[in-house]
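Please consult the sequence and the structure shown here.

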Amino acid sequence: MAAPARSPAGWDVSRGLENLPVGLWSQRGEQEPGPLQYTPEHVMGPGADIDPTEIAFPGCLCRTTSCLPSDCSCLPRGLNYDHSCLKDMGSENSYGRPIYECNVMCRCSEECKNRVVQKGLQFHLEVFKTDKKGWGLRTLESIPKGRFVCEYAGEILGFSEACRRMKLQTTDDSNYILAVREHLHSGQVIETFVDPTWIGNVGRFLNHSCEPNLLMVPVRIDSLVPKLALFATQDILPGEELAYDYSGRFHNRVESHGDQDALYKDKANKPCYCGTKSCAIFLPYDSSLYCPLENKSTN
């Protein structure tokens, strides 16, 4: 068997667009990942209502090096981070409340402790070929519990376009399209559809796990469109594969459409190869993206 080697030498999957290079490890003669227009942040795609690069928040008036909840308009619900770690990790509070970071309009210092996700990659990561799951992503250094790892970034789509692209997929295609639903106390649901298939970042190489070591949390900085930030749910050792639960750990609820679910069941049910004790056999999927558009409520 040929010895594994980084290919090509010095290859950076991010093409210099991240503040740290993203390595690639593959067997000699093995095909490299398919064509990708790398973007470290969301870009506006077909059908999107909001440009993710548009600045939507006025910013805080804090003059201190680091903002305090008692004074900062970006921290209405208390501190988001403790020594760069997401607070309350492992509890409902870590993903049950909105998170806003200080932004470009804020008067606080760039060293403010409420600026974490916006600083980009802080750990060396590597794309590698797995046995059964295609390409995957692993860390080359230790990552403490609660630390930000990477974003899941790509084209921001409208619902109709997300459905159209989903229905074009075959059972052999990888599903990169992600639907995130934030349920507000008012009953309003904010939906974000992201597709990093052709335009995306390193997050597209993350695989699903039924026992994940990453948790996805919507974080807003400049735009109303959230950054889909992935934080470590546990201490992660060098060489470990990074993975998150595609279902959002069942807190990212999906819509049900009765018999229409069965219509697309065979197409959507793809086997899960995470290999954990609690493996659900099949990958999670969002049935609403497989259903006719007339079933989508416009309320």
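Predicted model: local features only at pLDDT ≥ 70, side-chain atom pairs only at ≥ 80, totals over all residues.

Residues are numbered from 1 along each chain as its sequence is written, and side-chain values use heavy atoms, with hydrogens and water left out.

Q: Why is S14 called buried?
A: Buried means under 20% relative accessible area, with exposed over 50% and partly exposed in between (1.4 Å probe, protein chains only). S14 has 0% relative accessibility, and therefore counts as buried.

Q: What makes the pairing of S14 with D12 a polar contact?
A: A polar contact is a pair of N or O atoms within 3.5 Å; within protein, one must be able to donate a hydrogen and the other to accept it, and residues adjacent in sequence count only if both atoms are side-chain atoms. The side chains of S14 and D12 make such a contact at 2.8 Å.

Q: Why does G200 count as buried?
A: The relative accessibility of G200 is 0%, so G200 counts as buried.

Q: How do you know that the charged end of R138 sits over the ring of F128?
A: The criterion requires NZ of Lys or CZ of Arg within 6 Å of the ring centre and within 35 degrees of the ring normal. The charged end of R138 sits over the F128 ring, 4.3 Å from its centre. The charged end of K129 likewise sits over the ring of W135, 5.2 Å from its centre.
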